Amino acid sequence: MKSGFVAIIGRPNVGKSTLLNAITGEKIAITADKPQTTRNRIRGIYTEMPGSEKGGVEGCQIVFLDTPGVTRPRNKLGEYMTQTALGTMNEVDAVLLVTDEGYSEKGGDAFLLEKLKEVASPCILILNKTDKMSPDVFKHAYESYEQTGLFKMIIGTSAVSGENVPVLIRELKKYLAEGPQYFPADMITDHPERFLVKEIIREKLLHYLHDEVPHGVAVEIETYEETPKITKISALIYTERKSHKAIIIGKDGHKLKGIGKSAREEIELLLGTKVFLELWVKVRDNWRDSDLMLHSLGYKD
Ligand SMILES: Nc1nc2c(ncn2[C@@H]2O[C@H](COP(=O)(O)OP(=O)(O)OP(=O)(O)O)[C@@H](O)[C@H]2O)c(=O)[nH]1
Ligand SMILES: [Mg+2]
């Protein structure tokens, strides 16, 4: 079988996690219309079995590594996120650099291009959100990236509709070597359910909150009890300020109830059981700069 690892890298909010979900056909990574949604390296597995219609004689398995958006870090959490993303570029068989209609020759896109020059593996450029990219911006971005000579191919995609994902897979197969099948054919991620559960809760928080509040939240699973009929989950939501705690809870607890309800519904679909979900909000001053907190929340190696 041909197999290998592929990194998905880019500025925040360009659609990296949406692309990962489009590739695997399942929601593995949480997404939000806010930068810095992804905080860890998220693994998604794409498999074509040998002998299947798609896989042909040989078959393939590609392990995609979705990474946090690269930005100038403002705290230790940000440092961890950027290091995670940049470190991943050098550990893979191919790199996808993703950008979108907000592409610029300065700032984060330029920084990433410089970093890519040091990468030995083949790189593919993804111009994502073609559904809302003007032809002028597409042309300008295409030509500008082509001139760098760094990319084996430039592909325009719409991760929300899945447009051109098959083209991307076809291209990536060229860079896979003969190797092991790392994961069973029906496995789309190796993250434990508890990790996915806390990410779903954080996604709902991101959807319900605005301004600086969502960036300062973290979720920790306190108890997780599985019985044949129901999964009982109690989770802690950390926030950095008392005023943010009040915003999260909302008037008469309405906001937190809404967050809990939409999280519970999605967790029930994931686990295939009834779920009892309890959410508690706690204030932890500057947790994003606390080594101890980052460690216990899984944001430190
Ligand atoms: N119109 C359009 N929107 C998209 C597309 N891909 C992603 N989005 C939206 O862009 C926003 C950001 O998507 P994410 O997948 O969370 O972006 P990301 O690059 O993973 O962001 P970070 O994890 O913060 O780095 C979400 O609101 C997505 O629905 C696309 O192809 N077209
Ligand atoms: Mg993401």
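## Two domains

In this predicted model, the centres of domain 1 and domain 2 sit 28 Å apart, taken over C-alpha atoms. Domain 1 covers residues 2–178 of the protein chain, and domain 2 covers 193–296.

Where the two meet, domain 1 puts in 9 residues and domain 2 puts in 12. Sort the domain 1 side of that contact by class and you get 4 nonpolar, 3 polar and 2 charged residues.

## The nonpolar core

Now for the inside of the protein. The largest nonpolar core counts 63 residues. Val6, Ala7, Ile8 and Ile9 are among those with the most contacts inside this core, and so are Val95, Leu96 and Leu97. Residues of this core come from both domain 1 (2–178) and domain 2 (193–296), so the core lies between them.

Leaving out residues up to four places away in sequence, Leu96 touches Val6, Ala7, Ile8 and Ile9, plus Ile124 and Ile126.

## Around ligand 1

On to the ligand. Ligand 1 has 24 residues around it, and the closest are Gly15, Ser17, Thr31, Thr38 and Gly69. Helix α1, which runs over residues 16–24, gives the most to this shell, with 3 residues.

What classes do the residues of the shell around ligand 1 divide into? There are 12 polar residues, along with 7 nonpolar and 5 charged ones.

Conventions
Residues are numbered from 1 along each chain as its sequence is written. Chains are lettered from A and ligands numbered from 1 in the order in which they are written. This is a predicted model: local features need pLDDT of at least 70, side-chain atom pairs count only at pLDDT 80 or more; totals for chains, interfaces and linings use all residues. A residue is near a molecule or strand if its C-beta atom, placed from the backbone, lies within 6 Å of it. Helices (H or I, at least four residues) and strands (E, at least two) are DSSP runs, numbered from the N terminus. Ala, Val, Leu, Ile, Met, Phe, Trp, Tyr, Cys and Pro count as nonpolar, Asp, Glu, Lys and Arg as charged, and the others, Gly among them, as polar. A nonpolar core is a set of buried Ala, Val, Leu, Ile, Met, Phe, Trp, Tyr and Cys residues joined through C-beta atoms within 7 Å. A residue is buried if 20 or more other C-beta atoms lie within 10 Å of its own, exposed if 12 or fewer, and partly exposed in between; C-beta atoms are placed from the backbone. Domain bounds come from an automatic or database domain assignment. Two residues are in contact if their C-beta atoms, placed from the backbone, lie within 7 Å.
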